[in-house]
Amino acid sequence: MTQEKAVHSAEIRLKPLWLAAQSGDEKAYAESLFLMAGQLRAYFRRRMPFLANDAEDLVQETLLAVHLQRGTYDANYPVTAWLLAIARYKLVDLWRRRGRRDDLHDDVGDLDLLPMVGEQADVHASRDLSLLLQALPVSQRQAIELTKLEGLSIAEASNCSGLSESSIKVLVHRGLKRLSELVKE
Amino acid sequence: MDTNQLISVLSRGAGPAPASSVPSRLIPVSAAGFLVSVLLSASLIGLLSAESFTLLITWVKLGYALALAIAAGLLTAALAKPVSRLDRPSKTLLAVVGAMLLIGLVSFALVPDNEKSAAVFGQTWRSCSWILMAFSLPALLGILLVLRTLAPTRLRQAGWASGFLAGGLGALGYALACPESSPTFVAIWYTLGIFLTGLIGRMIAPIALRW
C-alpha cells in the first residue's frame with residue numbers, strides 16, 4: 001500500500017470517530033487518540049529511526065497538543081492533515097531545540113553502538129509523565145488526579161475538593177497545558 | 001506513564017471540544033493594540049483637529065489601515081490553525097495593498113509637476129514609516145502572545161501576517177495624528193511602515209510563537 005493510500009484509509013476510520021469525539025463522545029475520543037498515536041508513532045519513527053524513545057516522547061507531546069488545541073480543528077479538512085500538520089510542527093520544533101543544545105549527528109555517528117530498534121510497539125516514553133505531574137502546582141495536580149486518574153466526575157471532584165465545578169475544569173485545563181510545556185523542557 | 005495511560009487521562013471526562021477560540025481571542029487583542037496606537041499618537045504627536053475629519057484624505061488613511069487590518073486579521077486567523085486555506089485571505093491582502101498603490105499612482109499622475117515632490121515626500125517622510133512601526137509594536141507583541149496560545153504551525157508566515165495586522169492597527173491609530181495630505185504619500189510610507197512591522201513579526205515569530 002502506498003503512503004497516500006494508507007493515509008486515506010486511516011482517514012476513513014478516524015474521521016467519524018473524531019467527529020463523535022469532538023461533540024463529546026468520550027469513548028470515541030479515546031479510540032481516536034489511540035489511532036492517532038499509531039499514526040504519529042509511524043510518522044515519527046520513520047523520521048527518527050534511531051531515537052525510538054524520543055519518538056514516543058514526541059507522540060505524547062503531540063497527543064497533549066491535540067487535546068489542548070482540538071478547538072482549532074475545522075471539519076472541512078481531513079483529520080489526518082490536521083494531525084500531521086501538528087506532528088510536523090512538533091518534529092521541526094524538536095530538531096530546533098536539539099540543534100541549540102546538542103548535535104544530533106552524534107547519534108547517527110554512534111550508529112554501530114546503538115542496539116537495533118526493530119519494529120517493537122514500545123509505548124513507553126523515556127520521560128515519565130507521572131513524575132512530571134508531581135511538578136505541577138498542587139491544585140492543578142489534584143484536579144487532574146481526581147478527574148483523570150481516579151475517574152471521578154467533575155461534580156464528584158467538586159464535592160470532594162470543595163471547589164466549584166468550573167474551577168475544577170479550569171484547573172484540569174491549566175494543568176494539562178502546564179504539562180505540555182513541561183514535556184518540552 | 002505510557003502512551004495508552006496518557007490517552008485514558010486525556011479522554012476521561014474530556015467533554016466536547018471547545019468551540020474555536022480564534023476570533024474571540026484575536027479581536028480583543030487587536031482592539032487593545034489599536035487603542036495603544038491611538039494613545040501613543042495622542043500623547044506624543046497630538047490628534048488631528050475636528051475639521052480634518054471633513055477631508056477625504058483622512059478617510060483614505062483610515063480606510064486603508066482598516067481594510068488592511070481586516071485582511072491581515074483574516075490571514076492571521078487562518079494561520080492560527082494547523083490546517084487552513086490561505087489563498088483567499090492572501091489575495092484579499094494583496095488586493096488592498098494593490099488598490100492603495102494604484103490610488104497613490106493615479107493621484108501622483110494628476111498632481112501638477114511642481115507639487116509632485118511634495119506629494120511623495122510631504123513633511124514627514126523620514127519619520128512616518130518608523131513612527132507607524134513603533135506604534136504598531138505593542139499590538140504586534142499582544143497578537144503574538146495570543147497566537148502562541150493557539151496552534152500556528154507555519155510560524156514564519158504567521159509572523160508576517162501578525163506583523164501586517166499589527167501594522168494596520170498601528171496605522172489606524174497613527175492616521176488620527178498624521179498631518180500628511182497626499183494619497184501618494186500614504187501609499188508609499190504607510191505601506192513601508194506596515195511592511196517593516198511584518199518583517200519584525202517574521203523575524204521574531206520562530207521564537208515568539210513556539211508552543
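Predicted model: local features only at pLDDT ≥ 70, side-chain atom pairs only at ≥ 80, totals over all residues.
Biologist: At what angle do helix α7 and helix α8 of chain B pack?
Modeller: Two packed helices are described by the angle between their axes and the distance between the axes. Helix α7 covers residues 155–174 of chain B and helix α8 covers residues 183–208. Their axes are 7 Å apart, and the angle is about 145 degrees.

Biologist: How many nonpolar residues are in the contact of α7(B) with α8(B)?
Modeller: That contact has 10 polar and two charged residues. The remaining class, nonpolar, has 13.

Biologist: What pattern does chain B follow along the sequence?
Modeller: The secondary structure of chain B has eight helices and zero strands. Every element in the pattern is therefore a helix, because helices and strands are the DSSP runs that are numbered. Read along the sequence, the pattern is α-α-α-α-α-α-α-α.

Biologist: What percentage of the residues in chain B is buried?
Modeller: The C-alpha trace of chain B spans about 75 × 35 × 30 Å along its principal axes. A residue is buried if 20 or more other C-beta atoms lie within 10 Å of its own. Of the 211 residues in chain B, the buried share is 51%.

Biologist: Which helices of chain A are included in what covers the buried residues of α1(B)?
Modeller: Helix α1 of chain B runs over residues 3–11, and its buried residues are T3(B), L6(B), I7(B), V9(B), L10(B) and S11(B). After α1(B) comes G13(B), with a positive phi near 65 degrees. The cover over those buried residues includes, from chain A, α2 (26–47), α3 (52–68), α6 (129–134) and α7 (138–149).

Biologist: How many residues does the contact take from chain A?
Modeller: From chain B the contact takes 29 residues. By class, this side of chain B has 15 nonpolar, 10 polar and four charged residues. From chain A, the number taken is 39.

Biologist: How many residues of domain 2 of chain A are in contact with domain 1 of chain A?
Modeller: Chain A is divided into domain 1 (1–104) and domain 2 (128–185), and their C-alpha centres lie 23 Å apart. Domain 1 brings six residues to the contact, of which three are nonpolar, two polar and one charged. From domain 2, the number in contact is seven.

Methods: Residues numbered from 1 in each chain as written. Chains lettered and ligands numbered in written order. Contact = placed C-beta atoms within 7 Å. Nonpolar A, V, L, I, M, F, W, Y, C, P; charged D, E, K, R; others polar. Domains from an automatic or database assignment. Buried ≥ 20, exposed ≤ 12 C-beta atoms within 10 Å, placed from the backbone. Helix = DSSP H or I, 4+ residues; strand = E, 2+ residues; numbered from the N terminus. Axes fitted to C-alpha atoms, helices over the stretch in contact; angles between N-to-C directions.
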